[in-house]
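User: I'd like to go through the charged contacts in this one. Can you take it from the top?

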Amino acid sequence: MKEQCKFEQYFEEQIEACEWRGKLLIADDRMDEGNFERIKANVYEIFRTILSAADRVCGEDVLAKKRFFLEKAEQIPASWRTSYEMARQHEDDEKMHLESIKLDTVREIKDMCMRLWGEST
Amino acid sequence: MKETEAIGLFKCLADKSRLQILKSLAVEDMYVERLAERLDLTPSTISFHLKKLSEAGAVTAYKNQYYMMYSLNKEIFQTSILDILRQESDEAQKQAQRDADYRQRVIDAFFEYGKLRSIPTQLKKERIILEVIAEAFEFDRIYSEREVNVMIADFHDDFCTIRRDMVGEGLLGRDSTGYWRVKKNG
């Protein structure tokens with residue numbers, strides 16, 4: 001339960017930080033980089049929703065919750081990976097960057113999941 | 001530079017990071033990692049901006065041993081903003097077509113078999129009508145008032161109003177010798 005709260009708090013903090021950085025970047029006339037922060041914030045939002053879905057579906061079963069969450073963390077970015085690969089083949093640096101922001105954020109979220117719920121759970 | 005290209009370039013330049021990249025490239029040609037280090041951005045972010053800059057024609061790339069080097073497209077920056085403003089707009093042709101269509105609609109609405117149905121109350125429409133009537137007059141010829149009246153009467157009975165308005169609109173000139181059709185300037 002404690003881990004669940006920590007995870008929720010982590011998402012809150014990350015979303016807040018992204019929004020803050022995004023505002024600063026846009027105010028500094030770095031519109032695209034400000035949008036990158038919005039993209040990251042959207043990914044955190046998606047996984048925050050998944051966390052509450054995991055809580056609803058799995059209840060107190062931490063192992064099931066972790067499995068549910070990691071499964072989604074594999075499924076959801078699948079299309080992003082495909083899109084990244086397509087962009088790489090077409091040497092589209094712009095698209096590659098946008099997809100890599102999403103993929104890097106998911107990687108970071110998965111790391112946090114493993115840290116909080118442990119490798120062994 | 002075409003209008004759409006100019007818009008693309010201006011949009012692209014309206015970003016601090018991209019401007020910093022261009023400032024660096026104005027010093028010397030650089031590769032992604034070097035720019036990333038200089039500007040404290042990730043190489044991926046630099047690549048993102050470079051892609052936009054090359055699409056806008058602001059930078060070009062070339063291979064140098066292991067690295068892809070980027071350089072400022074100096075030619076594009078030598079174009080003055082005034083040159084861009086003086087370029088004929090892509091919209092100009094469409095605007096001219098819209099104006100011609102409007103003019104034709106007014107003519108169709110106010111003329112029937114070469115006769116003017118009524119004098120338009122809107123100045124813009126009246127101007128078009130008067131221009132059509134003015135076409136009946138030859139250039140470089142002096143007309144007496146009577147001749148003018150007769151010619152205008154072919155279009156409409158109120159030749160006095162039309163004659164006066166044609167002079168007022170600068171379509172006909174007038175002095176003690178008579179009336180003449182005014183040539184357009186330019």
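Analyst: A salt bridge here is a side-chain nitrogen of Lys or Arg within 4 Å of a carboxyl oxygen of Asp or Glu. This is a predicted model: local features need pLDDT of at least 70, side-chain atom pairs count only at pLDDT 80 or more, and totals for chains, interfaces and linings use all residues. Residues are numbered from 1 along each chain as its sequence is written, chains are lettered from A and ligands numbered from 1 in the order written, and side-chain values use heavy atoms, leaving out hydrogens and water.

User: How many salt bridges over all chains?

Analyst: The count comes to 29.

User: What does Asp140(B) pair with?

Analyst: Lys183(B), with N to O at 2.9 Å. The pair links distant parts of the chain, 43 residues apart. Asp140(B) sits in the loop between α8 and α9 (145-153) of chain B, and Lys183(B) in the segment after β7 (178-181). Helices (H or I, at least four residues) and strands (E, at least two) are DSSP runs, numbered from the N terminus.

User: Is Asp140(B) buried or exposed?

Analyst: Exposed, at 67% relative accessible area. Lys183(B) is partly exposed at 46%. The cut-offs: buried is under 20%, exposed over 50%, partly exposed in between (1.4 Å probe, protein chains only).

User: Which residues form a salt-bridge network?

Analyst: Arg103(B), Arg127(B), Glu131(B), Glu135(B) and Glu169(B), joined through shared partners. Within it, Glu169(B) and Arg127(B) have their closest N and O atoms 2.9 Å apart. Glu169(B) is in the loop between α10 (159-168) and β6 (172-175) of chain B, Arg127(B) in helix α8 (residues 123-134), so the bridge ties together parts 42 residues apart in sequence.

User: Switching to chain A. Where do Glu99(A) and Lys102(A) sit?

Analyst: In helix α5 (residues 93-117) of chain A, three residues apart, so about one helical turn separates them.

User: Now the interface. How many residues of chain B are in contact with chain A?

Analyst: 15, against 13 residues of chain A, with contact meaning heavy atoms within 4.5 Å. The two chains bury about 1200 Å² between them, 45% of it on carbon and sulfur atoms. That area is the accessible area (1.4 Å probe) lost on being put together, summed over both. In chain B, Lys16(B), Phe48(B) and Lys51(B) lose the most, together 47% of what that side buries.

User: How many salt bridges between the chains?

Analyst: Four. One of them joins Asp92(A) and Lys51(B) at 3.0 Å, N to O.
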